[in-house]
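Student: I have a chain open on my screen and I'd like to learn how to read it. Could you walk me through it feature by feature?

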Amino acid sequence: MAASGTDQLEPEAIPSESVRGEYENLADLVRKYRFAYYQEDEPLVSDAEFDTLFRRLEELEALHPELVANDSPTQEVGGEVSAAFAAVQHLQRMYSLEDVFSLEELEAWIAKAEAGIAKVGNHQASWLTELKIDGLAVNLLYRDGKLIRAATRGDGTTGEDITHNVLTIKEIPQELSGSGFPAEMEVRGEVFIPSKAFAEFNEALIEAGKAPLANPRNAAAGSLRQKDPAETAKRPLKMFVHGIGAREGLAAASQSETYRQLEEWGLPVSPYFEVLAGLADVLKFISRYGDKRHSLLHEIDGIVVKVDDFATQRALGYTTRVPRWAVAYKYPPEEVHTKLLDIAVNVGRTGRVTPYGVMVPVKVAGSTVEMATLHNQDVVKAKGVKIGDIVVLRKAGDVIPEIVGPVLALRDQQDPPVRDFVMPTECPSCGTPLAPAKEGDVDIRCPNARSCPSQLRERVFHLAGRGGFDIEALGWEAAIALTQPTEPEVPPLTTEAALFDLTPEALAPVKIRREKRSKGVGTGEYELVPYFYSKGTAKTPSKPTATTDKLFKELEKAKTQPLWRVLVALSIRHVGPRASRALATHFGTMDAIRQASEDELAGVDGVGPTIAAALTEWFAEDWHVEIIDRWAAAGVRMEDERDESMPRTLEGLTIVVTGTLEGFSRDEAKEAILVRGGKAAGSVSKNTSYLVAGENAGTKMDKAEQLGVPVLDEDGFRELLANGPAAGAADAEAVPEVSDDDGNGPE
């Protein structure tokens, strides 16, 4: 929860009644939402929505200064003291930070700070730049090296005494190490739950039939406000210190020097900080950690930039709420609130029936989201979501959007009232009774694999994907048009076996249902329109569209794809690209795979008994075999040409390729590794022999550095392919020791 300055706005005339009304309403809302966030650990709105309201409040105050009162939310740190805990006074006030939400705002803030630094006659500032931990601010008071008290920030002056709960966090020393510490010292920091531990804790709650925790910040805050310290001890809490308040006799001249001193005394200091010279370096820091934010030890929502030198900090001073020498840059929000309009179900390509949420569209992590998976009926129950709830939606980077849980405090206010989700007992696509695939299975499935229109649609869409035949013209809408019946027409595909037998003429009558639009706005009514052919008129006959011509060209090209892609395209349960590559490399032909015993299949490296059983079961179905036979008859390649002269230079090596290579696509690089006897892995671990890093290598490069895995550039990769590990060792980049271990271990 935060704010941003609006000094650039010029005051306007006396505010109208409507402006006064807006201001008073905003102030009340901000107070209400702040109380729910800080005191009840149950946010009613997302951080992004709160920030928007707060910024508007600041704008109104900048335009109409006469509106500002002493009790305005913009004049307070944010947070009060709960009656459940004893109130304690901080020796030195704890401030909030001013927030900025764009790089342009950050640049303007730094320029303003540098002007202030020059004005007070100080030297050019160095900027201590660190991660903004998404946790709970805590103040530790040490006297003669002993931990006397721990308190929340509260309103900045008065906090809550949470000493007994903080004592359960093993990283926080009850007595400082070494010597030379001040007689009395306040240490500020953030208590958090590591990302990996939070995920594991939530998984355990769901397995126990309990609702998962909404996010790590609320979980940390709620953990420290447990009345029983034994309950707090069960939570995987950690702390990093990031500041210092009152102190007697501490000689350090800068924030970074203080960090080193605190670490020597045994206090946990974050490894994620650097002292930087200027804006350009700060922007690089922001970009670097923006790329790797989801592989760090803990969740972050931004970057904090501080003047490192204490004398300069004192010269710049404070406003009533924030220091003038520090700012927080906020990354785009990855967690928002929206209304859950419905819970529908989707039937996947293997028959699995998956609930998903349909929501009021909302922008999160840079994209607009209106649907999110809910996995299965047990997850819906465990998350405690009901149709009509306001829900917390999270989308981390490229990760699939997730409904975290409901905002329970708002449930009773919904109109119409919320209602429970009931899992259907029959397939919504074909009417077949649903059932678990096997006894005790959480997932339920439609057993009508051959004839269920939804399963066929999903399989056709899947086989055209980049991991399969890579048919760009066969996207989601095309898959629907080819497989979904439109009265009185029978769709062109009633099985994927006929895919390569399609003709342009057969697609002429195909129509797809489209929403009618009036001046670009949907009407809620639908019409059937041609998909593969133009509509045609009395003067111009209907004819195939450019997309249709492209489809048939790509179908011809698809026939030449390697065997492993054909295996992926068959939608065999558990058989993905990795297993398909292993099978194609080992057996070489589709016939050899079909004729192999289950034990022979299981013996292939990267396959194992589960995949072997799925393959054996799949090939036992006559209609599955018909797919292969008809594809083969249409000219689809069912065996790989083997170059027996290819040297097995990578035998026994595990290689990971990341980033962009100039001379290889990702698939070509993997193929080059496999045909030379190597294993192409997707993630870096202690068993990785080499990491091949192209442009924009990302977090895998960081992992390789942490584990000491040799790193090759593209030229080194070519040498390795040609001459084996001796050449690779000569060309491997020296990997320096680094201190910012993310704590998550190998991927």
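Tutor: Let's start with one backbone detail: H21 is followed by Gly677, whose phi is positive, near 90°. Helices here (H or I, at least four residues) and strands (E, at least two) are DSSP runs, numbered from the N terminus. Before we go on, this is a predicted model, where local features need pLDDT of at least 70 and side-chain atom pairs count only at pLDDT 80 or more, while totals for chains, interfaces and linings use all residues. Residues are numbered from 1 along each chain as its sequence is written, and side-chain values use heavy atoms, with hydrogens and water left out.

Student: Which residues of helix H21 are buried, and what do they pack against?

Tutor: Buried means under 20% relative accessible area, exposed over 50%, and partly exposed in between (1.4 Å probe, protein chains only). In H21 (residues 666-675), the buried ones are Ala669, Ala672, Ile673 and Leu674. They pack against H16, strand S21 (654-658), strand S22 (679-681) and helix H23 (714-723); contact means heavy atoms within 4.5 Å.

Student: How much of the chain is buried?

Tutor: Of its 747 residues, 50% count as buried. The chain has 24 helices and 24 strands, and its C-alpha atoms fill a box of roughly 85 × 70 × 55 Å along the principal axes.

Student: How do I read a nonpolar core, and which residues touch the most other members of the largest one?

Tutor: In soluble globular proteins, nonpolar side chains tend to be buried together. A nonpolar core is a set of buried Ala, Val, Leu, Ile, Met, Phe, Trp, Tyr and Cys residues joined through side-chain atoms within 4.5 Å. The largest one has 61 residues, and Phe469, Leu474, Phe532 and Trp631 touch the most other members. Several helices each supply at least two residues, including H12 (453-463), H13 (476-483) and H20 (622-633). H15 gives the most, with six residues.

Student: What about the second core?

Tutor: That one is separate, with 37 residues, including Val138, Tyr142, Ile244 and Trp265.

Student: Now the sheet: in what order do the five strands run?

Tutor: Two strands pair if DSSP finds at least two bridges between them. The five form an open, mixed sheet in the order S2-S11-S10-S3-S9. At the edges are S2 (98-100) and S9 (273-276), each pairing on one side only. Neighbouring strands are turned by 30° against each other on average, direction ignored. For angles, axes are lines fitted to C-alpha atoms, for helices over the stretch in contact, and angles run from 0 to 180 degrees between N-to-C directions.

Student: In which sense do S2 and S11 pair, parallel or antiparallel?

Tutor: Parallel, over three bridges, with S11 covering residues 326-330. Val100 stands opposite Tyr329 in S11.

Student: Is Leu341 buried or partly exposed?

Tutor: Leu341 is in strand S12 (residues 335-347). It is partly exposed, with a relative accessible area of 44%. Leu341 touches Val358, Met359, Val360 and Ile387, not counting residues up to four places away in sequence. The C-alpha atoms of Leu341 and Met371, 30 residues apart along the chain, are separated by 10.0 Å.

Student: What share of the contacts between residues at least 6 apart in sequence join residues at least 24 apart?

Tutor: For this chain, 68% of them do.
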